Amino acid sequence: RRDSPSRARTRTMSAPGPSEGPAEMGADAQYLEAGEDDDMHEPVFLGDEHGEVVADLDEEDDAPMSDSDDDEPGAGAADMEDRDAALGDEIEPPSDDAVAVVTAHAAPVFSCAWSPTDGAVFATGGGDDVAFLHRVSDAASAPRTSSAPPADVTSAALRGHTDTVSSLSFNHDGSLLASGGLDGKALVWSVADPALPPRALEGPGGGLEWVRWHPKGNVLLAGSEDFTAWMWNAADGALMQVFAGHSNSVSCGGFSPDGKTVATGSFDGSLRLWAPRTGECSTLFMGHPYHDGPVTCLDFHPNTEGLLLTGSEDNTARLVSGVSGKVLGTLAAHAETIECVGLSGDFPFAASGAIDAKLVVWDLNTLQPRTTLQHDKAVSALRWIPGTACLYSSSIDGAVRLWDTRSSTCQAVSHGHVRGVLDLAPSPDFKSVVTAS
């Protein structure tokens, strides 16, 4: 809403201590090593009898196209101008639990990110076409009491976009911040000196849906409404690759944890895996037994090579292997579009959040729901906490929650927003989160 300040909040929440450390995982075979707890199972090995091959492309194969050549960029995707509706009705929060409140934006805040190396630095981007780089005082690390004032936050405006800032991402060492906008531009900012002019990375013919950094280098990837994904060298702004083949908006994507694969999901209902150096599509998931609707979100497994989970408007999630090119399983329990998915790196668990207000935790050994965690409204984002079986989730009901998925209990819930929460980002130690609304 433009008649009142939109707010990005950070709330200190304590997460349970780490469980046993992550297990080593083999490519396309072992999901998770068995533990001594009853919740853990023997390692799962998937042979050729499991899953179905959808498509495997070599450089001369033609990709399936949509039935129409006249599709407009972004067709089927919600217009960012209509995203105010996603915020839901105004909420009267039962409490204000934030340890810091930012009111710098003049319109809804759609994206947020926290520096991976500095627990005091985070960023927000909004419908006012501006991103902000924030630094919060040390007081934010202490639990909020009813008598304590909010921690101080200093904010630097990052102006350069001419349309909504839809996505934000810090690079691996926290020295650079990338902002993606519906103006089709990716801008790279210096975190140390945000007053410096940004490096503009241009080329896409449509708005950017997301931006993601290479896990080890200053290479930026972005997905566009013009059916393509783009990759630049942020050091000099040089275009390194254009990934073309989708027939609708590229709604989600990123680099694999080892940086050797690019994955893109699209509203054309497909998932494509690409070779970053050549730009060739090596594997295509499209048609039965893959999704029967637009792909909305994806996540790579942190440890298992090629293992991905995707969510869709067909109300299901699909577990796929980029190594074998097979769909390993269909996860069906939701009644509406899946908005977010996540794979645990420490337990054989996955999670999916949907518009039906459910957060479903899945057992990857059985591909069945382990538990369903209910929200009051649509689930907008989720993040697993490394070293634990816990995760954070945010919702259009205005709250952010901390869940223990082994006991199916809500460990903490924080309120304060008067509209729905659209994005969340954990601090480097995962003891705090910033939420955007």
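How much accessible surface does the chain have, and what share of that surface belongs to carbon and sulfur atoms? The accessible surface comes to about 17,400 Å², of which 45% belongs to carbon and sulfur atoms; areas come from the Shrake-Rupley method with a 1.4 Å probe, and for residues only the protein chains shown count as cover.

This is a predicted model, in which local features need pLDDT of at least 70 and side-chain atom pairs count only at pLDDT 80 or more, while totals for chains, interfaces and linings use all residues. Residues are numbered from 1 along each chain as its sequence is written, and side-chain values use heavy atoms, with hydrogens and water left out.

**View 1. The chain as a whole.** The chain has zero helices and 33 strands (DSSP runs numbered from the N terminus: helices are H or I, at least four residues; strands are E, at least two). Of its 437 residues, 57% count as buried, meaning under 20% relative accessible area with a 1.4 Å probe, protein chains only.

**View 2. An open sheet of four strands.** The strands follow the order β4-β5-β6-β7 with antiparallel pairing (two strands pair if DSSP finds at least two bridges between them). Because β4 (109-114) and β7 (153-159) at the edges each have a single partner strand, one side of each lacks a neighbour in the sheet.

**View 3. Strands β4 and β5.** Five bridges join β4 to β5 (residues 121-126) in the antiparallel sense. Cys112 stands opposite Thr124 in β5.

**View 4. The hairpin of β18 and β19.** Six residues lie between these two strands, and Gly279 in the turn has a positive phi of about 80°. Strand β18 (residues 271-274) runs antiparallel to β19 through four bridges, and Leu271 has Phe285 in β19 as its bridge partner. Four of the five residues of β19 (residues 281-285) are buried, so this strand is largely enclosed by the rest of the structure.

Notes: Buried < 20%, exposed > 50% of the residue type's maximum accessible area, 1.4 Å probe, protein only.
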